[in-house]
Amino acid sequence: MLPFAEAPEPEDDAREAGRLLFAGPVDFVKGVVAMSGLPPADRIEVCFAGRSNVGKSSLINALTNRKNLARASNTPGRTQEINFFALGDFRYLVDLPGYGYAEAPVATVAKWQALLRAYLAGRQTLRRAFVLIDMRHGIMAVDEEILSMLDRSAVTFQVVLTKADKVNAATRAANTAQVQAALAKHAAAYPEIIVTSSEKGDGIATLRATIATLV
Ligand SMILES: Nc1nc2c(ncn2[C@@H]2O[C@H](COP(=O)(O)OP(=O)(O)OP(=O)(O)O)[C@@H](O)[C@H]2O)c(=O)[nH]1
Ligand SMILES: [Mg+2]
């Protein structure tokens, strides 16, 4: 298979494991603004990182089949905390603050970056970082900063393309190729990408199965 190809449809048992996991209880635990506030690292976790407005909160809502679990909004930069959600008894889903919000004050940006860097480098139980990339734009300079941070943190990251329902076939092909070329330069990149639409449901079963498989 080509590196960074789209992940195949999950096998039936993996799909079912993912479905069951996400059909179970999921609860907001807390929003964290400093490393000292992190919940105990007593279960594995996956996090969702990406530019402000890329669709992180919407994706968490789609995965968990809840309308308003993670706050999704039209106001960029809304989610300024690291939000922890308990998924069943053994996992956390972590909604990270969006980066690259042009109108955020410099001091605020510096604070987020420091927190993000500390979290990505220092969380023992973090099994995978899903980095969301808007399918309409591909990987941008601000995304590269995060990908490089993840390379240095030795955290495996997997790219999730978002808003697939908003692009035509030509844009989809061009931006997928752009992402694949960019990922070739990153040591920590997982070799498959997942194409999603929180609106239409594309890729949601695949992502659920992927998360259910991580131990
Ligand atoms: N058409 C379409 N719109 C989407 C999709 N995912 C998210 N959106 C829209 O994109 C906007 C931003 O989505 P959010 O989920 O709030 O983005 P976010 O990454 O959590 O943003 P911050 O918390 O500010 O970093 C909202 O208006 C969503 O409705 C999608 O798959 N398709
Ligand atoms: Mg959000």
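His137 sits in the loop that runs between β6, residues 126–134, and α4, residues 141–153. Keep in mind that this is a predicted model.

What does His137 touch, leaving out residues up to four places away in sequence? Arg51 and Asn175. Asn175 lies 38 residues from His137 along the chain, and their C-alpha atoms are 6.9 Å apart.

The largest nonpolar core has 39 residues. Those touching the most other members are Leu96, Tyr119, Leu120, Phe157 and Leu183. Take Leu183 as the example. With residues up to four places away in sequence left out, Leu183 is in contact with Phe4, Ile139, Leu147, Phe157, Val159, Ala189 and Ile193. Apart from this core there is another one, of 24 residues, which includes Phe48, Ala62, Phe85 and Ile204. As background, nonpolar side chains in soluble globular proteins tend to be buried together.

Last item, the second largest pocket. Its volume is about 210 Å³. There are 14 lining residues, and the closest to the pocket centre are Tyr190, Glu192, Ala209, Thr210 and Thr213. Which helix gives the most to this lining? That is α6, residues 204–213, with four residues. By class, the lining of this pocket consists of seven nonpolar, four polar and three charged residues.

Technical notes
Residues are numbered from 1 along each chain as its sequence is written. Chains are lettered from A and ligands numbered from 1 in the order in which they are written. This is a predicted model: local features need pLDDT of at least 70, side-chain atom pairs count only at pLDDT 80 or more; totals for chains, interfaces and linings use all residues. Side-chain values use heavy atoms; hydrogens and water are left out. A nonpolar core is a set of buried Ala, Val, Leu, Ile, Met, Phe, Trp, Tyr and Cys residues joined through side-chain atoms within 4.5 Å. Buried means under 20% relative accessible area, exposed over 50%, partly exposed in between (1.4 Å probe, protein chains only). Contact means heavy atoms within 4.5 Å. On a 1 Å grid over the protein atoms alone, a cavity is a set of points where a 1.4 Å probe fits but cannot get out, and a pocket is an open set with protein on both sides within 12 Å along at least five of seven lines; lining residues have an atom within 4 Å of a point. Grid points are joined across faces, edges and corners, and a volume is the space filled by probe spheres set on the points. Helices (H or I, at least four residues) and strands (E, at least two) are DSSP runs, numbered from the N terminus. Ala, Val, Leu, Ile, Met, Phe, Trp, Tyr, Cys and Pro count as nonpolar, Asp, Glu, Lys and Arg as charged, and the others, Gly among them, as polar.
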